[in-house]
Amino acid sequence: MSVVRTVSRFVNIKPIININYRCTCRTFSTYKEKTNRNSFNNKYIYGGLLVATGIVGYVSAKEKVSAASVISLSGRRDKYNFIADVVAVSAPSVVYIEIKDDRRRDIVTGQPITLSNGSGFIVKEDGLILTNAHVVVNKPNATVNVRLMNGSNHTGFVEDVDLKSDLATLRIPVKNLPTMKLGTSADIKPGEWVVAMGSPLALSNTVTAGVISSTQRGSEELGLIGKDMVYIQTDAPITFGNSGGPLVNLDGEAIGINSMKVTSGISFAIPIDYVKEFLAKSKTKSPPVSRRYLGITMLSLTPNILLELRMRNPEMPSDIDHGILVWKVIIGSPAYNGGLQPGDIVTSINGSPVRSAGDLYSVLETAPGKLSMQIVRGKTRTNVIITPEIH
């Protein structure tokens, strides 16, 4: 009778049967197997077990629901988003650098052709920008365009280059700019979190993250002859266009400059301590000397060269006894754009006779503005106007 009373006490709890189906099915199967072997009174016993099992399942499920309701995920983004915190501090000082050739235009858009692109970051609020040397050098007749994070574009001028360490500085005519804080690469550790920032594949304001794989990877190990440097190895993805961008630690300090990628998961950065030495040397250097540029290779006319020219071109005027022979004209140069051609003989510039290459260099250094050249081409005499570039 005690079992029956126990059953009747819980029989009115309707949710019990619907709580734990797995336990219910197991109880029913057990009941069916033993029905033929047990007496009628055992039905009440198994019924009691069924109800008890349901109660246990109900209590277990209730405990799990209550435990889940105690865990709260709110606030975890603000607490654990350390990469986003670094980006918020460092990103405003990162710039996109684009090298454009103003003499060559895209046939579709009509815009100057882009020769290359890269990244950099502002180190002085007066517009001084640090980048890799290979981003800005060996680009003749090109314009350096710098785009800031706010979308504004400015023309940059290269100030200093160190090809050995692959470092360069350029400046834009803008003041009060956000700057990147320079840290130190002397105390970095393998496994330390870093953030690589830049403009890979011309996608500006791109952020990747990883850890430092090695702090002292020698240039000899990488097959770089004559560098005599060590590099920071990281697995943070660095690709074409990231060059010149900062490698930043979790304190928001630049500890390196993204330089090159070997393969996926293996990239290298120039330690920031080399950068500090480069910047210190730049302060002590004298200002660069501007030179006017024509873009020609020339020969001073000697009696022997004149004799050979007359033999090749009998129609050449006989009164020519001095000048310079234009041997080669660089495509896209001021001389090329002004109409000068290989084989031309320059006899005078701005009305003054030219007897050697030294006379031409003197005119470039002293005479401002455009140059009016009298030349001999074949058997005719003509004038060309050339505007030298300042380099």
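## What you're looking at

This is a predicted model, where local features need pLDDT of at least 70 and side-chain atom pairs count only at pLDDT 80 or more, while totals for chains, interfaces and linings use all residues. Residues are numbered from 1 along each chain as its sequence is written, and side-chain values use heavy atoms, with hydrogens and water left out.

The pLDDT is the predictor's confidence in each residue, from 0 to 100. For the protein chain the mean is 78, and 76% of the residues reach 70 or more. Over residues 1–40 the pLDDT is below 50, and beyond near neighbours in sequence this stretch has 26 contacts in the model (heavy atoms within 4.5 Å).

## The barrel

Six strands make a closed barrel in the order 1-2-3-6-5-4, with antiparallel pairing. Strands here are DSSP runs (E, at least two residues), as are helices (H or I, at least four), numbered from the N terminus; two strands pair if DSSP finds at least two bridges between them. On average, neighbouring strands of this sheet are turned by 45° against each other, direction ignored (axes are lines fitted to C-alpha atoms, and angles run from 0 to 180 degrees between N-to-C directions).

Back to our opening pair: strand 2 (residues 112–124) and strand 3 (residues 128–132) run antiparallel, joined by three bridges.

Valine 346 has isoleucine 375 in strand 19 as its bridge partner.

Strand 19 also pairs with strand 20 (residues 380–386), in the antiparallel sense over seven bridges. Strands 19 and 20 form a hairpin with two residues between them, and glycine 378 in the turn has a positive phi of about 70°.

## An aromatic pair

Rings of Phe, Tyr and Trp (its six-membered ring) pair if their centres lie within 6.5 Å; planes under 30 degrees apart count as stacked, over 60 as edge-to-face and the rest as tilted. By this rule there is one aromatic pair. Phenylalanine 82 and tryptophan 193 have ring centres 5.8 Å apart and planes at 65°, so the pair is edge-to-face. It links distant parts of the chain: phenylalanine 82 sits in helix 5 (residues 82–90) and tryptophan 193 in strand 8 (residues 193–198), 111 residues apart.
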